[in-house]
Amino acid sequence: MDSRPPNNASSGITTSLDAAGIAVETIRIDRIVESLYQSQIIADIAISNVGPAQYGTLELRADAYYEPPDDERTYHPPRVTDRTAVGRSYIERTYDSFDSGTRTLTGVVIQYDADDANGSTDPADFDIEIAVRWAKPL
C-alpha cells in the first residue's frame, strides 16, 4: 500500500465512520517489519456496513499511533514519552456491492520511522484508527 494519498483523492476530506455507516469490527496487527529507514506495521482490518447505503468504492485512511508502555525501561531516557502519530496509509477498495456484512482488509501496510516509536517492534505498543475519506454509493 502506498502511504501517500491517491491522485484522485480529495485532500484532507474525511467523513466519520458513523456518518458513512461503516463500523470497524476488529483491527489486528499481524506483525511489524523492522527496517533501518521505514519500518512497517502489517495489519488486518475488518469493517462492516451498518448503514442503509450500498457502496461500490470505499477509501479509508489508517492512522498508526505509538503508545509507549508505562514501564519503559531503557538504558537511556526514551525519546518518545506520549502517544504519538507515527504513520498513515490510504486504502481504496472497490466492491460489486457492499451493502451488508463484513469485509476484511488484509495486509494493510503502514510505514513509520522507528525512531518515532523508540525502536519498538511490539504490536501491543501500537494503535490504529480508521477514518472514511471517501465513500461512493451504488
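Which residues do ring pairs link into a cluster? I looked this up first. Ring pairs link Tyr66, Tyr112 and Phe126.

**Ground rules**

I am reading a predicted model, where local features need pLDDT of at least 70, side-chain atom pairs count only at pLDDT 80 or more, and totals for chains, interfaces and linings use all residues. Residues are numbered from 1 along each chain as its sequence is written, and side-chain values use heavy atoms, with hydrogens and water left out.

**Layout**

I listed the elements next. The protein chain has 1 helix and 6 strands. From the N terminus on, their order is α-β-β-β-β-β-β. Helices (H or I, at least four residues) and strands (E, at least two) are DSSP runs, numbered from the N terminus.

I then checked burial. Buried residues make up 39% of the 138 residues in the protein chain. Buried means under 20% relative accessible area, exposed means over 50%, and partly exposed is in between (1.4 Å probe, protein chains only). The protein chain exposes about 7,900 Å². Carbon and sulfur atoms supply 45% of that area. Accessible areas come from the Shrake-Rupley method with a 1.4 Å probe, and for residues only the protein chains shown count as cover.

I also looked at contacts, meaning heavy atoms within 4.5 Å. Of those in the protein chain with a separation of 6 or more, 76% are between residues 24 or more positions apart.

**The ring cluster**

I went back to the rings. Rings of Phe, Tyr and Trp (its six-membered ring) pair if their centres lie within 6.5 Å; planes under 30 degrees apart count as stacked, over 60 as edge-to-face and the rest as tilted. The count comes to 3 aromatic pairs. Tyr66 and Phe126 have ring centres 5.6 Å apart and planes at 55°, so this pair is tilted. Tyr66 is in strand 3 (residues 55–66) and Phe126 in strand 6 (residues 126–137), so the pair links distant parts of the chain, 60 residues apart. Tyr66 is buried, at a relative accessible area of 0%. Phe126 is buried too, at 8%.

Phe126 also pairs with Tyr112. Their ring centres are 5.3 Å apart and their planes stand at 55°, so this pair is tilted. Tyr112 lies in strand 5 (residues 102–112) and Phe126 in strand 6, so parts 14 residues apart in sequence are tied together. Tyr112 counts as buried, at 1% relative accessibility.

**Charges over rings**

I searched for charges over rings next. The rule asks for NZ of Lys or CZ of Arg within 6 Å of the ring centre and within 35 degrees of the ring normal. Arg83 lies over the face of Tyr65, 4.0 Å from the ring centre. The charged end of Arg103 sits over the ring of Tyr95, 5.5 Å from its centre.

**The nonpolar core**

Which residues touch the most other members of the largest nonpolar core? I found Ile22, Ile41, Ile47, Leu105, Phe126 and Ile128, in a core of 29 residues. Helix 1 (17–20), strand 1 (22–33), strand 2 (39–49), strand 3, strand 4 (84–98), strand 5 and strand 6 each give two or more residues to this core. Strand 3 gives the most, with 6 residues. A nonpolar core is a set of buried Ala, Val, Leu, Ile, Met, Phe, Trp, Tyr and Cys residues joined through side-chain atoms within 4.5 Å. In soluble globular proteins, nonpolar side chains tend to be buried together.

Not counting residues up to four places away in sequence, Leu105 touches Ala43, Asp44, Ile45, Ile47, Leu60, Ile91, Arg93 and Tyr95.

**A buried glutamate**

Is Glu59 buried or exposed? Glu59 is buried, with a relative accessible area of 3%. I place Glu59 in strand 3. Its side chain makes a polar contact of 2.7 Å with the side chain of Arg133. A polar contact is a pair of N or O atoms within 3.5 Å; within protein, one must be able to donate a hydrogen and the other to accept it, and residues adjacent in sequence count only if both atoms are side-chain atoms.

**Loops**

Asn118 lies in the loop between strand 5 and strand 6. I noted its positive phi of about 50°, although Asn118 is not a glycine. Most residues other than glycine have a negative phi. Asn118 is buried, at 17%.

Asp115 lies in the loop between strand 5 and strand 6. Asp115 is partly exposed, at 46%. Beyond four places in sequence, Asp115 touches Arg79 and Val80.
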